[in-house]
Amino acid sequence: MQQTICRKLTKFIYATIKISLICFYKYAFIVIKLINVNNPQITKALIYYLKSWSDTSLSKRSSMLVGISEAIRLLSTKIYMKKTDEIKSKFNEWLAGLIDGDGCFQLSKKGYASLEIVMELRDKRCLYKIKQKYGGSIKLRSGANHIRYRLHDKQGILNIIGAVNGLIRNPNRLLQLGKICEKYNIMLRYPEPLNYDNAWFSGFFDSDGSVYLNLFSDQILITVSQKNKFLLDSLVSLYGGTIYPMVKIGAFKWTVFRKDEILSLLNYFEKCPSMSAKHNRLKLIPRYLELRSFKAHKALPDTLLGKAWTSFLKKWNNFE
């Protein structure tokens, strides 16, 4: 009985070792492909050990495993750093867009530099993200449903400049930033042409954008209002839409309402998420399109589709 158990155990151990070796070979060759460019010395040593695996002592095999672990560690670190830099870059682009819309760089007569951003109370999450990263203070503006972020610490201002210099696109903000750069002997950099995946538009939308549902036409509208038409022109070429003049208030409105353009924008916001409360309405748009395809907006209130439409409208109106 004991011999039978020992034989079965031996076969099990042998099979486990065999599977482990097969997996190791596959794993090792994947590592070779991944680190061949970044770490040729480790790759060369790894190939040498693989060729001599059959007559290699246990100590050498262990040594080889340590080398692979180190290579994987270095590779993982590099991937992590690249991802971190990408997230940081996206945040800076988003911040520049937010400043271009609702921000203001100031330089007092005494030479004190500051940054102020004013947003609606419902969008406080945006300002707290900036405060967490760069410091500053947030205060509720008296008599208004708005809050103000203010940064006047010198090191904080220098950090902000390092983050958004070369990303600011509003001509007025560029002039304001230019004065502060001149004070600290920093070269003002101009932005490169806006591209589709730039998170600047997400920040700009969080400051000056809106998402509407026209109940008369049952149509979704995504808009951005701005006095400077120059900032809206590039949006048309990248995201579609049309620019309309708002004569009474002396501004312009960029508007998207076609289904294909709205879907394209939703794809953009998946890559560069909105951080304001408007994000909640953007998330509801696919549900709207689904209900509209079932003509739920025309259904009687007592029907299942009618109730689904009523539930959707309740969420839409309480998006904050």
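**Cysteines, strands and a helix pair**

Let me start with Cys104. Its relative accessibility is 23%, so Cys104 counts as partly exposed. Here are the cut-offs: buried is under 20% relative accessible area, exposed is over 50%, and partly exposed is in between, with a 1.4 Å probe and protein chains only. Cys181 is another matter, since at 1% relative accessibility Cys181 counts as buried.

Some ground rules. This is a predicted model, where local features need pLDDT of at least 70 and side-chain atom pairs count only at pLDDT 80 or more, while totals for chains, interfaces and linings use all residues. Residues are numbered from 1 along each chain as its sequence is written, and side-chain values use heavy atoms, with hydrogens and water left out.

Now the overall picture. The protein has eleven helices and eight strands. These are DSSP runs numbered from the N terminus: helices are H or I with at least four residues, strands are E with at least two. Of the 320 residues, 38% are buried. The exposed surface comes to about 19,700 Å², and carbon and sulfur atoms supply 58% of that area. Accessible areas come from the Shrake-Rupley method with a 1.4 Å probe; for residues, only the protein chains shown count as cover. Next, contacts, meaning heavy atoms within 4.5 Å. Take those with a separation of 6 or more: residues 24 or more positions apart account for 59% of them.

On to strand S2, residues 113-120. Ser114 sits in this strand. Is Ser114 buried or exposed? Buried, because its relative accessible area is 4%. Set aside neighbours within four places in sequence, and Ser114 is in contact with Cys104, Phe105, Gln106, Arg150, Leu151, His152, Ile157 and Ile180.

Next in S2 comes Leu115. At 0% relative accessibility, Leu115 counts as buried. Not counting residues up to four places away in sequence, Leu115 touches Ile99, Cys104, Phe105, Tyr149, Arg150, Leu151, Ile157 and Ile160. Cys104 is therefore on Leu115's list and on Ser114's list, and at 23% Cys104 is partly exposed. Leu115 and Ile160 are 45 residues apart along the chain, with 8.9 Å between their C-alpha atoms.

Now a helix pair. Helix H7 is residues 200-208, helix H9 is residues 259-271, and they pack at an angle of about 105 degrees with axes 10 Å apart. The axes are lines fitted to C-alpha atoms, for helices over the stretch in contact, and angles run from 0 to 180 degrees between N-to-C directions. H7 and H9 are therefore roughly perpendicular to each other. On that scale, under 35 degrees is roughly parallel, over 145 roughly antiparallel, 65 to 115 roughly perpendicular, and the rest oblique. Which residues make the contact? H7 gives Trp200, Phe201, Ser202 and Phe205; H9 gives Leu265, Tyr268 and Phe269. That is six nonpolar, one polar and no charged. Nonpolar covers Ala, Val, Leu, Ile, Met, Phe, Trp, Tyr, Cys and Pro; charged covers Asp, Glu, Lys and Arg; the others, Gly among them, are polar.

Phe205 turns up again in a contact list of Lys278. Lys278 belongs to helix H10, residues 278-293. Lys278 is a lysine, yet at 6% relative accessibility Lys278 counts as buried. Beyond four places in sequence, Lys278 touches Arg122, Phe205, Asp206, Ser207, Asp208, Gly209 and Phe319. From Lys278 to Asp206 is 72 residues in sequence and 7.1 Å in space, C-alpha to C-alpha.

Helix H8, residues 229-239, holds Leu232. Leu232 is buried, with a relative accessible area of 0%. Its contacts, leaving aside neighbours within four places in sequence, are Phe204, Val224, Gln226, Ile243, Phe252, Lys253 and Trp254. Lys253 is 21 residues from Leu232 along the chain, and their C-alpha atoms are separated by 8.1 Å.

Last, two loop residues. Asp218 lies between strand S5 (209-214) and strand S6 (219-226). Asp218 is not a glycine, but its phi is positive, near 50 degrees. Asp218 counts as buried, at 14% relative accessibility. Lys295 lies in the loop between H10 and helix H11 (304-317). Lys295 also has a positive phi, about 60 degrees, without being a glycine. Lys295 is exposed, at a relative accessible area of 53%.
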